[in-house]
Amino acid sequence: MTHDDDDDDEARPRAIDGVSRYITPAGMDATRRELSALLYEERPRIVEIVSWAAGNGDRSENGDYLYGKRRLREIDRRVRFLTRRIEKAIVVDPAAQTQRNRVFFGATVTYVTEEDLERTVVIVGVDEADLAARQVSLASPIARALLGGHVGDEVRVLTPAGAELIEILAISYPEPVGVDAL
């Protein structure tokens, strides 16, 4: 599968249904830990500060009270967001991938650019993306271009500078838990 003609339709990313719902098991664990920390650590601490500050008199000029109330609203907003994400999430374990010769969610992909720059990325959920850790969102242009590809495939990626041709060099997935290396 080579996409090396100059037709921009070939470089246009494919749509993925429910893309914001996919998450790795590690991403789900991190989301649950964040929710728990907000609900059982940070929120009670801020409630205590607000209660103390409210007892100090005039609330209109009380910085601890005003900041605390604002922070509680932020925490409650984040809690609602995380709760909805967890309820709607589709947890996909990359280690369970059976077609390990193609790029799917959770794959670690090494590719080379037209400038001979070799890069490695891991395709993760929207909320898990972290460029510093080489984790790219499933919704990103690079991930969408790589999806379904095989080693040796050349694909076009739409970048701010225009379409760029890249070649897939390697695809890997985490080993399933309980499987010994041969």
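Which residues does V103 touch, not counting residues up to four places away in sequence? V103 touches V109, I123, L146, L147, G148, G149, I168, I171 and Y173. Contact here means heavy atoms within 4.5 Å.

The model is predicted, so local features need pLDDT of at least 70 and side-chain atom pairs pLDDT 80 or more, while totals for chains, interfaces and linings use all residues. Residues are numbered from 1 along each chain as its sequence is written, and side-chain values use heavy atoms, with hydrogens and water left out.

**Cores**

V103 belongs to the largest nonpolar core, of 21 residues. Such a core is a set of buried Ala, Val, Leu, Ile, Met, Phe, Trp, Tyr and Cys residues joined through side-chain atoms within 4.5 Å; buried means under 20% relative accessible area (1.4 Å probe, protein chains only). V103, V109, I123, I142, L146 and I166 touch the most other members. The elements below each supply at least two residues.

| Element | Residues |
|---|---|
| β3 | 108–112 |
| α4 | 141–146 |
| β7 | 162–172 |

β4 and β6 also supply at least two each. The largest share, four residues, comes from α4. Another core, of 14 residues, lies apart and includes M28, L38, V50 and A54.

Helices (H or I, at least four residues) and strands (E, at least two) are DSSP runs, numbered from the N terminus.

**Sheet**

Five strands form an open sheet with mixed pairing, in the order β5-β4-β3-β7-β6. Two strands pair if DSSP finds at least two bridges between them. β5 (135–137) and β6 (154–159) are the edge strands, each pairing on one side only. β4 (residues 118–124) runs parallel to β5, joined by three bridges.

How values were computed. Buried means under 20% relative accessible area, exposed over 50%, partly exposed in between (1.4 Å probe, protein chains only).
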